Amino acid sequence: MFDTIIRFFQEGGSFMFPIAVVLAIGLAIALERAIYLMRMSKQNGDTMKRIAPLLQNLDFDGIERVADESAISNIFKAGITRMKQTPRREEIEYAMEEGVMEALPRLEKRTPYLATLANIATLLGLLGTIIGLIAAFSAVASADPSQKASLLSDSISVAMNTTAFGLISAIPLLLCHSVLQTKTTEIVDNLEMAGVKFLNIISKNNSVTSKSRATD
């Protein structure tokens with residue numbers, strides 16, 4: 001099995017190496033992003049468990065004393081800080097949305113590269129195959145007529161190795177991109193849902209007013 005993989009790689013030609021580098025970079029990015037998103041998800045979940053009872057008791061000072069750097073903690077603190085400045089629900093909502101927007105670039109960082117790397121791997125594979133076919137046809141042109149058919153079929157088979165390896169690299173990278181995007185969306189949805197819960201609870205307890213700048 002290992003010998004087959006080595007032979008497949010060697011017969012593919014020089015384009016197999018850049019495709020392998022693209023695959024390695026993509027997998028490294030996917031692993032780093034997966035670890036970061038899982039850590040962020042767990043951190044937000046743990047913080048929400050600590051904040052939920054404080055929020056139910058309207059203990060805003062207690063929420064501000066929650067000492068961690070999770071995105072959900074920062075969003076709550078931004079809302080409480082704005083609530084101390086103005087009772088308008090609209091203003092508090094803007095402050096919390098700003099917190100979500102600040103967290104978003106960190107959550108999405110480097111994930112779009114995976115789709116780009118998948119496309120690069122596919123294109124490198126196709127390019128390697130085309131160059132391999134050009135070389136094969138050039139070699140066949142000067143070969144003995146009785147050997148042309150077998151020589152051409154062998155050359156085409158080898159040239160296809162780069163396309164196969166490009167697709168083998170691109171498919172898992174696209175899968176990782178899709179999974180990471182889904183996880184990022186899930187975290188952002190949870191942040192937005194926590195913000196809505198906060199606003200609903202303080203509205204229910206008349207801690208804010210529905211007045212806006214426009215209605216003043």
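At 28% relative accessibility, Leu58 counts as partly exposed, because this class lies between buried (under 20% relative accessible area) and exposed (over 50%), with a 1.4 Å probe and protein chains only. The model is predicted, and local features need pLDDT of at least 70, side-chain atom pairs count only at pLDDT 80 or more, and totals for chains, interfaces and linings use all residues. Residues are numbered from 1 along each chain as its sequence is written, and side-chain values use heavy atoms, with hydrogens and water left out.

Leu58 sits in the loop between H2 and H3. Helices are DSSP runs (H or I, at least four residues), numbered from the N terminus. The phi of Leu58 is near 55 degrees, a positive value in a residue other than glycine. Arg110 also carries a positive phi, of about 70 degrees, although it is not a glycine. Arg110 belongs to the loop between H5 and helix H6 (111–141). With a relative accessible area of 30%, Arg110 is partly exposed.

Helix H2 (residues 16–56) packs with helix H7 (residues 148–204) at an angle of about 15 degrees, and their axes are 10 Å apart. Axes are lines fitted to C-alpha atoms, for helices over the stretch in contact, and angles run from 0 to 180 degrees between N-to-C directions. H2 and H7 are therefore roughly parallel to each other. Angles under 35 degrees count as roughly parallel, over 145 as roughly antiparallel, 65 to 115 as roughly perpendicular and the rest as oblique. The crossing of H2 and H7 is left-handed, a term for a near helix turned anticlockwise from the far one by less than a right angle. The contact of H2 with H7 comprises 21 nonpolar, nine polar and two charged residues. Here Ala, Val, Leu, Ile, Met, Phe, Trp, Tyr, Cys and Pro count as nonpolar, Asp, Glu, Lys and Arg as charged, and the others, Gly among them, as polar.

Two residues of H7 were examined. Gly166 lies in helix H7 and is buried, with a relative accessible area of 0%. Neighbours within four places in sequence aside, Gly166 is in contact (heavy atoms within 4.5 Å) with Ile19, Ala121, Thr122 and Gly125. The C-alpha atoms of Gly166 and Ile202 are 36 residues apart along the chain and separated by 54 Å. Leu152 is also placed in helix H7. Its relative accessibility is 24%, so Leu152 counts as partly exposed. Leaving aside neighbours within four places in sequence, Leu152 is in contact with Phe137 and Val140.

H2 also meets H4. These helices pack at an angle of about 40 degrees, with axes 7 Å apart. H2 and H4 are therefore oblique to each other. Met40, Asn44, Thr47, Met48, Ile51 and Leu55 of H2 make the contact with Ala71, Ile72, Ser73 and Phe76 of H4. The residues of this contact divide into seven nonpolar, three polar and no charged.

Helix H4 (residues 71–85) has 15 residues, which should span 21 Å at 1.5 Å a residue; its end C-alpha atoms are 22 Å apart, which agrees. The expected span is 1.5 Å times one less than the number of residues. Buried residues in H4 include Ala71, Phe76, Gly79 and Met83. The buried residues of H4 pack against H2, helix H3 (60–64), H5 and H7.

The axes of H2 and helix H5 (residues 89–108) come within 10 Å and cross at roughly 145 degrees. Arg33, Tyr36, Leu37 and Met40 in H2 meet Arg106, Leu107 and Glu108 in H5. That contact divides into four nonpolar, no polar and three charged residues.
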